[in-house]
Amino acid sequence: MGTLPSRWHALLLIVYMAMNIAYTLVLDYSRQNKYSVAAELRGRSGVLAVCNMIALVILAGRNNPLIGWLQISFDTYNLLHRWMGRMVVLEALVHTSCWAYVQHADTGFSGVYHKLANDPFCSYGMVGTVAFVLILLTSPSPIRHAFYETFLNLHIIFAAVAIAGVWKPYIRAVAALWICDRIIRLGRLIYCNYSTRGWTTASIEAMPGDACRVTMHLPTELAVKPGSHAYLRFANLNFWESHPFSIAWVAHRPVFSPDLPLMEKKLTLEGQTTDISFVIHAQTGLTRRLFNAAKVCAPRTLRLKAAFEGPYGGHHSLDSYGHAVLFAGSSGITHQIPYVKHLIQGFSDGTIATKKVLLVWIIRDVDHLEWVRPWMDEILRMQGRRDILNIKLFVTKPKNPREISSPSSTVQMLPGRPNINLLLQTEVRDQVGAMCVTVCGPGALQDSVREAVREVQDVSVVDFIEESFTW
Ligand SMILES: Cc1cc2nc3c(=O)[nH]c(=O)nc-3n(C[C@H](O)[C@H](O)[C@H](O)COP(=O)(O)OP(=O)(O)OC[C@H]3O[C@@H](n4cnc5c(N)ncnc54)[C@H](O)[C@@H]3O)c2cc1C
């Protein structure tokens, strides 16, 4: 059924579904004419399906304005989208069945076939219903996760057919919303990747532990908030596939005029360009092909033409918390690094409330530190870092246990998995102001951190933010 909803999400979904069921089924069943009851059921289910489709399309968009306005993540809207979709399919089936029931009573099966074959209103409606059913059959979680690209492309095709099949005035609004989302995405793609300085290129370095460090060299300047992600495409590696990755590091580079400074001593600053970096862990699809291509090239850096679409997300600010505890599992560190940098910078500038930050990173082996070494080095050299930041690295399966040593009292390296409950209880004992605990990593880690946070929430103010890597 996909990702299990949290308690609050489950409550919201139950209320939503109960309302839909009530609006569809609360009818006057005492009527003598059962066909009139079926006709009313057909009308209600059809209207509700169409109304739900509007929200269904809005919630599926990367540019859904509600994400920014309500500060609710795409992940949550995606959960609602999935359940709303199930409801729309159910309502479309009820609508079509009720129509067929009444039509059959009137004209028999031959009349039903005749209508479907000769009345465009009915035949398009049936095409729409079939497309809805196909969407339902091709989107269960195991299929989605095993064949994501195939699922996505089929989903878009079937959704377009379903929308065309129900071509009513308000459905045109749905189509317009979908087209708007695509146009905004295209506009964003061109804005981020093209300027008179050229097109975006990517530097890709193969790293230990089946990972790549990827830096997108944008020809434009872009502001990126901590906690953002972006969709990447690579030329020669199925350019039409775009995959989401958390933004790990952002660096701006000055661009000087190419003209030689004849009259003045200084070069003329023409603006800035932005380099945006990611750590990509190889799975079985595009990310594996990217890793293999980078490995063949190693020790040289692989250079490819690429495209960046984003930034998306980044609406959680930790600035007002006195105390932040950031958990990262494996490549989930990329989500946390920008927060660490931002919090140290804000602390030393005196612009935020945060006084204490603990970063807990769980990795399999010591050589995975290589993924983020240049950025960590920069963070460790930042002004005020020692006064605010503590780092605990947990190495779960070190090849050589002797490599596990703590470079300083503020940066500790420990073997095995962390005792998350104990860690949080210790932090809460010395809590500074309101605390925020965030986690990014595998599902099991997220569940453990969530559980541990619940246990300390009675003691003091501890908020919890979870960033998941799958949908
Ligand atoms: C917001 C977000 C941030 C992420 N950040 C990172 C990161 O910083 N580093 C990192 O290594 N991974 C990250 N991921 C996961 C990354 O997007 C997937 O691992 C990647 O898309 C897999 O590509 P693949 O073709 O190799 O997948 P496959 O091997 O075909 O599938 C592996 C898994 O990835 C999922 N997946 C495949 N394509 C997509 C897609 N386009 N969108 C969403 N999920 C997909 C599949 O459902 C499956 O569960 C992030 C995911 C999300 C949603």
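The exercises below treat salt bridges in a predicted model. Local features need pLDDT of at least 70 and side-chain atom pairs count only at pLDDT 80 or more, while totals for chains, interfaces and linings use all residues. Residues are numbered from 1 along each chain as its sequence is written, and side-chain values use heavy atoms, with hydrogens and water left out.

**Exercise 1.** State how many salt bridges the structure holds.

Solution. Apply the criterion: a side-chain nitrogen of Lys or Arg within 4 Å of a carboxyl oxygen of Asp or Glu.

**Exercise 2.** Describe the pairing of Arg185 with Asp181 and their placement in helix α8.

Solution. Start with the distance: the closest N and O atoms of this salt bridge are 4.0 Å apart. Next, locate both residues in helix α8, residues 169-193 (helices are DSSP runs of H or I, at least four residues, numbered from the N terminus). Arg185 and Asp181 are 4 residues apart there, so about one helical turn separates them. Finally, check accessibility: both Arg185 and Asp181 are buried (buried means under 20% relative accessible area, exposed over 50%, partly exposed in between, with a 1.4 Å probe and protein chains only).

**Exercise 3.** Which accessibility class does Glu205 have, and which does Arg213 have?

Solution. The two side chains form a salt bridge at 3.2 Å, N to O. Glu205 has a relative accessible area of 26% and is therefore partly exposed. Arg213, at 9%, is buried.

Key: Helix = DSSP H or I, 4+ residues; strand = E, 2+ residues; numbered from the N terminus.
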